[in-house]
Amino acid sequence: MNYEITGGNLPVVLIRLDAGEMVTCESGSMSWMDEGIEMQTEGGGVGKMFGRMFTGESLMLNKYIARQAGEISFASSFPGSIRAIEVTPDKPIVAQKGAFLASVGNVEMTVHFQKKVGGALFGGEGIIMQKFSGNGLVFFEIDGSAIEYDLQPGEKKIVDTGYTAVMDASVGYDVVVIKGVKNVLFGGEGLFNTTLTGPGHVVLQSMPIAGTAMKLYSYMPHPSS
């Protein structure tokens with residue numbers, strides 16, 4: 001298997017499968033493919049199906065199996081970036097809800113609950129995230145541009161809520177209250193920031209969908225009440 005990510009800020013990943021290889025995605029994600037690649041839809045059990053629903057993904061998964069060598073593609077659903085991140089048995093990955101695009105290899109997606117109350121209630125990524133474990137390659141949708149950091153043990157990155165896209169499961173996640181009454185009332189940053197603590201790799205996104213939607217909404221005409 002090899003792949004290419006192209007398309008600029010309207011990205012698509014082109015995956016070239018050899019005969020017998022397989023790629024997994026949520027239902028409806030495939031954009032186009034060559035003849036000779038077959039689709040199989042499965043749920044994987046009631047628990048896994050509802051787990052995917054809680055993380056913003058579809059109930060069912062599609063598996064595309066190459067009966068002969070061919071290409072299959074997956075396009076992003078929002079202007080932004082696509083990142084391919086390797087998952088190994090000793091390096092699981094945690095991602096925001098809805099970030100999963102496709103995976104190759106023996107990768108399992110499960111629900112990841114934020115352990116700390118602050119992160120669960122006030123982090124822009126929400127109480128429920130996705131955890132990917134096993135051995136393979138996962139393709140993620142990133143809102144806007146992707147900015148990546150390798151945090152050293154104890155190194156912290158303070159992030160506005162909603163800007164965290166993907167991170168190693170080893171990265172600590174918590175929420176801190178912005179100090180100072182004037183900062184809270186007039187700073188325009190809200191009450192909380194997310195704190196990420198190393199060690200581990202972090203992928204941040206420059207244009208969270210929720211924030212972009214609110215910005216666009218403010219410019220839309222609204223009917224008079």
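**Exercise 1. Determine in which strand Thr 41 lies, and whether Thr 41 is buried, partly exposed or exposed.**

Solution. Step 1: in this predicted model, Thr 41 belongs to strand S5, which covers residues 37-42.
Step 1: the relative accessibility of Thr 41 is 46%. Buried requires under 20% and exposed requires over 50%, so Thr 41 counts as partly exposed.
Step 2: when residues up to four places away in sequence are not counted, Thr 41 touches Met 60, Leu 61 and Asn 62.
Step 3: the C-alpha atoms of Thr 41 and Thr 24 are separated by 9.6 Å, and these two residues are 17 residues apart along the chain.

**Exercise 2. Identify the residue whose side chain makes a polar contact with the side chain of Thr 41, and describe the setting of that residue.**

Solution. Step 1: the partner is Asn 62, with a polar contact of 2.8 Å between the two side chains.
Step 1: Asn 62 is part of strand S6, residues 61-66.
Step 2: the relative accessibility of Asn 62 is 4%, and therefore Asn 62 counts as buried.
Step 3: leaving aside neighbours within four places in sequence, the contacts of Asn 62 include Val 23, Thr 24, Cys 25, Met 39 and Thr 41.

**Exercise 3. State where Ser 76 lies and which side chain makes a polar contact with the side chain of Ser 76.**

Solution. Step 1: Ser 76 is located in the loop between strand S7 (70-75) and strand S8 (80-87).
Step 1: Ser 76 has a relative accessible area of 18% and is therefore buried, given that buried means under 20%.
Step 2: the side chain of Ser 76 makes a polar contact of 2.9 Å with the side chain of Glu 141.
Step 3: apart from neighbours within four places in sequence, Ser 76 is in contact with Pro 11, Ile 82 and Glu 141.

**Exercise 4. Describe the largest cavity and the residues that line it.**

Solution. Step 1: the structure holds one cavity of 30 Å³ or more, and the volume of the largest cavity is about 30 Å³.
Step 1: the lining consists of Ile 85, Ile 93, Val 166, Met 167, Asp 168, His 201, Val 202 and Val 203.
Step 2: by type, the lining residues divide into six nonpolar, one polar and one charged.
Step 3: strand S14 (164-168) and strand S17 (200-205) each supply at least two residues of this lining.

**Exercise 5. Find which residues of the largest nonpolar core touch the most other members, and which element gives the most to this core.**

Solution. Step 1: the largest nonpolar core has 17 residues, of which Ile 93, Phe 132, Val 138, Phe 140, Ile 142 and Val 166 touch the most other members.
Step 1: two or more residues of this core come from each of S8, strand S9 (93-95), strand S10 (100-113), strand S11 (128-143) and S14. S11 gives the most, with four residues.
Step 2: another core, of 16 residues, lies apart from this one; Leu 17, Val 23, Ile 37 and Phe 139 are among its members.

**Exercise 6. Summarise the chain as a whole: how many helices and strands are there, and what share of the residues is buried?**

Solution. Step 1: the chain has four helices and 17 strands.
Step 1: of its 225 residues, 43% are buried.
Step 2: among contacts with a separation of 6 or more, 78% join residues 24 or more positions apart.

Methods: Residues numbered from 1 in each chain as written. Predicted model: local features only at pLDDT ≥ 70, side-chain atom pairs only at ≥ 80, totals over all residues. Heavy atoms only, no water. Buried < 20%, exposed > 50% of the residue type's maximum accessible area, 1.4 Å probe, protein only. Contact = heavy atoms within 4.5 Å. Polar contact = N/O pair within 3.5 Å; in protein donor to acceptor, adjacent residues only side chain to side chain. 1 Å grid on protein atoms, 1.4 Å probe; cavity = no way out; pocket = protein on both sides within 12 Å on 5 of 7 lines; lining within 4 Å. Points joined across faces, edges and corners; volume = space filled by probe spheres on them. Nonpolar A, V, L, I, M, F, W, Y, C, P; charged D, E, K, R; others polar. Core = buried A, V, L, I, M, F, W, Y, C linked by side-chain atoms within 4.5 Å.
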